[in-house]
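Subject: Structure handover

Hello,

Here is the structure for you to look through. Please open it first, then read my notes below.

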Amino acid sequence: MDYLQIKGVKSLNGTIKISGAKNASLPLIAMTILAKNKVKIKNLPQVADIKTLLKLLSNLGATCEMQNDAMEVDTSTLTQTKATYDIVKTMRASILVLGPILSRFGHCEVSLPGGCAIGQRPIDLHLKALEQMGAKINIEAGYVQANAPKGLKGCDIIFDKITVTGTANIVMAAALAKGVTTITNAAREPEVVQLCEILNANGVKIEGIGSASLKIHGTNGKLIDIDEFSIIPDRIEAGTYLCAAAITKSTLTLENVEPSHLGAVIAKLEEMGCKFSIAPQTMTIHPAKTLKPIKIITQEYPGFPTDMQAQFLALATQANGTSIIEERLFENRFMHVSELQRMGANITLSGNIATVVGKTKLSGTDVMATDLRASSALVLAALVADGITNVHRIYHLDRGYDSLEKKLENVGAKIKRLQE
Ligand code: EPZ
């Protein structure tokens with residue numbers, strides 16, 4: 001198994017190119033199930049989760065081939081409608097094929113994703129909405145069996161909680177449904193917005209894009225032609241590198257970034273004393289001389305993203321004073337805390353609130369990644385720790401960060417990928 005060996009540095013310097021967004025790529029790859037043509041997707045990030053979903057589509061009979069810098073996905077040869085446990089267990093976002101497959105074929109079997117490190121992560125809201133659209137759903141032997149032999153019917157859906165992949169799933173199910181579907185309390189993440197924009201540009205009229213109330217006009221079973229598109233930049237990858245600059249007191253420039261997707265993250269870094277020069281598609285962070293402590297509560301977009309909570313917790317160990325970080329979306333998203341404490345961080349947990357007393361000196365040691373964003377928090381801490389840190393189980397990191405060690409090495413980090 002690979003691990004990262006990181007030596008604490010004085011500072012970083014230079015430019016990092018941001019890759020396409022993992023969490024936009026996943027629903028957009030699933031969306032190709034609604035297409036009658038070969039769909040060209042540009043700017044896909046080279047991360048494990050994308051490879052997993054493309055493998056799932058190939059297992060179902062689709063073909064996915066790289067043509068120059070675009071992935072070409074042809075689902076016209078898709079014949080299977082069962083997403084098996086072996087793939088789904090490695091990536092819960094596989095549930096994103098449920099809506100499109102059910103809408104196109106009238107039946108679908110998807111293994112229940114099961115929980116994951118950060119929480120139970122049920123899919124009850126996805127299933128309840130599909131039932132409202134006329135699907136018969138039952139759970140048997142760990143599989144969701146969904147049937148809608150006469151196709152799905154548009155209806156009014158109100159989500160009890162805001163769910164990102166739940167919204168994406170229902171938007172895609174509604175795309176081929178008969179009639180109009182409204183979604184109230186829809187997720188507004190930029191990744192959901194891009195899915196709606198692409199569908200809307202290719203024959204599925206969607207109103208309210210970017211708002212919490214969507215209206216989707218279904219094609220009544222007609223597959224759509226989807227023009228080539230490019231994935232939006234990954235705002236969480238970008239936010240992670242902004243934290244790398246802030247924690248090492250470095251000036252870094254990010255390219256291929258969408259600053260407007262980072263409002264809450266930029267605001268918090270400014271509160272901590274950082275400054276920014278912002279232009280279309282690029283931004284430069286100017287670090288604070290001394291970081292101020294911060295209060296964070298994670299929320300759905302456009303609030304502070306839960307996917308940036310671990311990174312800011314690592315950053316808060318270097319702030320002068322006490323920071324309070326509250327995780328409101330997931331019940332178990334503080335597993336990075338014990339590893340940071342082993343590096344010397346002064347953090348106490350009470351329920352879903354972490355209190356971080358800074359500034360603490362961190363010492364390099366062996367640490368273990370537990371989930372995707374926790375692993376990036378450990379990398380950030382290692383960048384400023386005294387001595388060498390070995391971050392183990394970085395298969396978690398490889399799920400969502402494209403060439404992280406290369407990107408950091410290019411701006412001066414002392415970081416190497418080694419084999420256990
Ligand atoms: C998406 O997960 C992201 N993943 C997550 O990013 C992100 O943390 C999360 O949204 C929140 O922003 C992808 O987009 C692939 P949710 P998702 O459904 O859709 C509860 C990363 O690091 N809920 O918005 O699975 C759920 O338990 C990953 O890239 C239900 O109760 O999250 C949670 O408490 C980690 N029933 C809350 O809603 C449901 O049917 C938000 O979950 C669905 C969700």
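Start with helix H7. H7 is mostly covered, since nine of its 12 residues are buried. Buried means under 20% relative accessible area, exposed means over 50%, and partly exposed is in between (1.4 Å probe, protein chains only). Helices (H or I, at least four residues) and strands (E, at least two) are DSSP runs, numbered from the N terminus.

A word on the source. This is a predicted model: local features need pLDDT of at least 70, side-chain atom pairs count only at pLDDT 80 or more, and totals for chains, interfaces and linings use all residues. Residues are numbered from 1 along each chain as its sequence is written, and side-chain values use heavy atoms, with hydrogens and water left out.

**Helix H7**

H7 covers residues 190–201. From its first C-alpha to its last, H7 reaches 16 Å. That is close to the 16 Å expected at 1.5 Å a residue. The expected span is 1.5 Å times one less than the number of residues in the helix.

The buried residues of H7 include Pro190, Val192, Leu195, Cys196 and Leu199. Glu191 and Gln194 are also among them. What covers them? Among the covering elements are helix H1 (22–31), helix H6 (164–175), strand E13 (213–217) and helix H8 (235–247). Gly203 follows H7, and its phi is positive, near 105°.

**The four-stranded sheet**

Next, find the open sheet with the order E22-E23-E1-E24. Its pairing is mixed. Two strands pair if DSSP finds at least two bridges between them. Strand E22 (366–368) and E24 are the edge strands, each pairing on one side only. On average, neighbouring strands of this sheet are turned by 25° against each other, direction ignored. Axes are lines fitted to C-alpha atoms, for helices over the stretch in contact, and angles run from 0 to 180 degrees between N-to-C directions.

Strand E1 (residues 2–7) and strand E23 (residues 388–392) run antiparallel, joined by four bridges. Lys7 stands opposite Ile388 in E23. Helix H12 (residues 372–384) packs on the sheet and touches E1, E22 and E23. Contact means heavy atoms within 4.5 Å. The direction of H12 makes about 30° with that of E1.

**Salt bridges**

Side chains of opposite charge can pair when their charged atoms come close. How many salt bridges does the structure hold? There are 19. A salt bridge is a side-chain nitrogen of Lys or Arg within 4 Å of a carboxyl oxygen of Asp or Glu.

Look at Arg417. Arg417 forms a salt bridge with Asp398 (2.7 Å, N to O). Arg417 lies in strand E24 (residues 414–419) and Asp398 in helix H13 (residues 395–398), so this pair ties together parts 19 residues apart in sequence. Arg417 is partly exposed at 30% relative accessible area. Asp398 is partly exposed too, at 22%.

Arg417 also meets Glu405 in a salt bridge (2.5 Å, N to O). Glu405 lies in helix H14 (residues 404–409), so this pair ties E24 to a part 12 residues away in sequence. Is Glu405 buried or exposed? Glu405 is buried, at 13%. Shared partners join Asp2, Asp398, Glu405 and Arg417 into one salt-bridge network.

Last, see Arg342 and Glu339. Their closest N and O atoms are 3.1 Å apart, in a salt bridge. Both sit in helix H11 (residues 335–342), three residues apart, so about one helical turn separates them. Arg342 is partly exposed at 46%, whereas Glu339 is buried at 10%.

Best wishes
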